[in-house]
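Here are my notes on the two-chain model you asked about. Have it open while you read, and go through the points in order.

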Amino acid sequence: MAIVLKADALRYSYVPGQMVLDGVSLAVPARSIVYLLGHNGCGKTTLLEILSGVRAPLSGEVWLNGERLRDIPAHRRAQRVGLVPQMHTPVFAYTVREVVMMGRAPHLPFLGMPGRRDREIVDQAIEQVGLTALRDRPYTELSGGERQLALIARGLAQQTDVLLLDEPTAHLDPRNQQRVLETVATLARERVSFVISSHNPNSALLYAHHVVVMKEGRVIASGSPLDVLTEETLSHSYGMEMDVLIDGARGIRAVMPRKNGILR
Amino acid sequence: MSVMRYVLRIRWGQRESRQRLFFWLLLALPLPLAIYSIGIGRYEIPPGQVVQALGDYALHSRQADFTPSIEYNLVTRIRLPRIAAALLVGASLGVTGAAFQGIFRNPLVDTNILGVTSGAGFGAALMLLINADPLLVRVSAFVFGLLAVLAAFFVSRLYYSAPLIVLALVGILIGSFFNSLTSLLKYVADPLDSLPAITYWLLGSLAAVTRRDIPALALVTLLGLLFMIGVRWRLNVLSLGDAEARTLGLNPARLKLMVIVVSTVMTAMAVSVSGVIGWVGLVIPHAARTLVGPDHRRLIPATMALGAVFLLVIDTMARTLWAGEVPLGVFTGIVGVPLLLVILRVNRTGWQ
């Protein structure tokens, strides 16, 4: 399978001597969903920022379809790689539509204004995340989960080949989590590749084609969900005992933190 | 009315419709108000004659057999320059305030945060102290306005990576520094001659505006307004903050620098003509946001129109309410502060 996004031996540090990323490599195949798992502070967000091109690595290289990412001009890069940040509070009370419309920025010339085609794309993106009823409401009046959906819609409106999602389902209820991840799965079948950082190994079991597990700035396991999401790897990454429960009869797996005396 | 409703697709219950209505009303306001305002004064001229005089000015004034009437001379020589200046200065201060609030992501700033007005005040006071030619006063105000911001910019560079907030902080300090220098000049100024002139200039007035002042002001202001209209949608993206603007392919540092340079030149030019006029840059963006919403696609043109209208009304009051002129800076504060208080009470859509 063709590789869309490739990272080679990325290193990064905010404070000299403390490596946040220490030789991270990964490859994102076309039309696939890659999950990044790992404890808080293991470098997931930094890695996503470097993969999106907004942060330059200290050393190492990112390749986008065989092109060096840092050689691509910013607006053309943003047409091909998008980053959906963790939820934030904007200063202005823009409507949902206006927020999503900003995803069109890389496609418009410097003095350009969004046109009818952009509005169609925006409305379609809003529809995909199920926010159509709220699209004229101020973004600041939305619940946390709805804001997250609006930001994801903005990423969709950006129409990139690769979309990097930073903990997209952290604030969502199970139904909205499913809605977002099903949308992701559908888009991945069509054209887009996703890199998703998450603290939810169960979503990775359900949706990932490929899982990368990190610990303290290094990749400790990388491969298919069934190969990687083992008790041993997860326990090592999170620094605590984890159980992988397998129900062979129903063909399901689930990851649970181990709590002695409750289940066994 | 039903045609109007159809054309504007007004549904009062919907914020979007209401904001669109306010937007178009605001844009339609400056021209008729200007015509009406030209007619007001010690010598009243009906709007019809004002329009005729303006028409003559545009079409016939260069013809050999054209004999100007009293109204014509009054309209084109005395009142038109002043009213044009009020519109241009008001639009300038309003829109630059909105742009600054957008890029600083802060409701408390206007262009003066970087010290431009304080620098201009010092420049003007310096020339007034030596009784220089009015033109020299203006040039000096303009130059020192730019110098103050340049100083803020380079001083803030001394503090390593210099985020925008450091620039603002240094700008406030540089502004205070120039204010102190101005106070020093006032202290040494002749209390019968140059001191009143300096004080009057610092309160702002359009009374001394003549036709000579208009071309430079109009050129700089109109170019600046065009720039703001051009980048207005990008200001939305910029107001998300640098990190997100970069993921959306913008170069936030470059765009902010452009906005700061254009706004500073516009403000320095406006203040060099009008003297110090406070509050417009702060109040107008808030008022406009309440009416048309925070989207800069509408906000930017709306602040131009509302700023122009606000200063026109203030200036018309200043020159007609009492026999003597009242300084503008006095009025903008006295009208502007209560207005801002009302807006802060009403506003639910502008700021989080």
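1. Let's start with helix α3 of chain B, residues 30-39, in what is a predicted model. Its buried residues are Pro30(B), Ala34(B), Ser37(B), Ile38(B) and Gly39(B). What lies over them? The cover includes three helices of chain B: α4 (47-59), α5 and α14 (296-320). After α3(B) comes Gly41(B), with a positive phi near 155°.

2. Next, have a look at α6(B) and α7(B), the latter spanning residues 134-157. Their axes are 6 Å apart and the packing angle is about 145°, with a right-handed crossing. On the α6(B) side, the contact includes Val116(B), Gly119(B), Ala120(B), Phe122(B), Gly123(B) and Met127(B). From α7(B), the residues include Leu136(B), Ser140(B), Ala141(B), Phe144(B), Gly145(B) and Ala148(B). Sorted by class, this contact has 16 nonpolar residues, six polar and no charged.

3. Compare that with another helix pair in chain B, α13 (residues 280-292) and α15 (residues 328-346). Here the angle is about 35° and the axes are 10 Å apart. The crossing of α13(B) and α15(B) is left-handed. From α13(B), Val280(B), Val283(B), His286(B), Ala287(B) and Thr290(B) take part, and they meet Thr332(B), Gly336(B), Leu339(B), Leu340(B), Ile343(B) and Val346(B) of α15(B). Seven of the residues in this contact are nonpolar and four are polar, with no charged ones.

4. Pro107(B) sits in the loop that links α5 (70-104) to α6 (116-129) in chain B. If you want a sense of scale, Arg319(B) is 212 residues away from Pro107(B) in sequence, and their C-alpha atoms are 31 Å apart.

5. Over to chain A, which has nine helices and twelve strands. Its radius of gyration is 19 Å, close to the 18 Å that the globule rule gives for 264 residues, so chain A is as compact as a globular protein of that length. Along the principal axes, its C-alpha atoms fill a box of roughly 60 × 40 × 35 Å. Buried residues account for 45% of the chain's 264 residues. Looking at contacts in chain A with a separation of 6 or more, 67% are between residues 24 or more positions apart.

6. Which residues touch the most other members of the largest nonpolar core? They are Tyr35(A), Val100(A), Ala153(A) and Leu164(A), in a core of 177 residues. Setting aside neighbours within four places in sequence, Val100(A) contacts Val122(A), Ala125(A), Ile126(A), Ala150(A), Ala153(A), Arg154(A) and Ala157(A).

7. Last, the interface. Here 26 residues of chain A are in contact with 24 residues of chain B. On the chain A side, α2 (74-80) and β6 (81-84) each supply at least two residues, and α2(A) has the largest share, with four. By class, that side of chain A has 17 nonpolar residues, six polar and three charged.

Methods
Residues are numbered from 1 along each chain as its sequence is written. Chains are lettered from A and ligands numbered from 1 in the order in which they are written. This is a predicted model: local features need pLDDT of at least 70, side-chain atom pairs count only at pLDDT 80 or more; totals for chains, interfaces and linings use all residues. Two residues are in contact if their C-beta atoms, placed from the backbone, lie within 7 Å. Ala, Val, Leu, Ile, Met, Phe, Trp, Tyr, Cys and Pro count as nonpolar, Asp, Glu, Lys and Arg as charged, and the others, Gly among them, as polar. The radius of gyration is taken over C-alpha atoms; the globule rule is 2.2 Å times the number of residues to the power 0.38. A residue is buried if 20 or more other C-beta atoms lie within 10 Å of its own, exposed if 12 or fewer, and partly exposed in between; C-beta atoms are placed from the backbone. Axes are lines fitted to C-alpha atoms, for helices over the stretch in contact, and angles run from 0 to 180 degrees between N-to-C directions. A crossing is left-handed if the near helix is turned anticlockwise from the far one by less than a right angle, and right-handed if clockwise. A nonpolar core is a set of buried Ala, Val, Leu, Ile, Met, Phe, Trp, Tyr and Cys residues joined through C-beta atoms within 7 Å.
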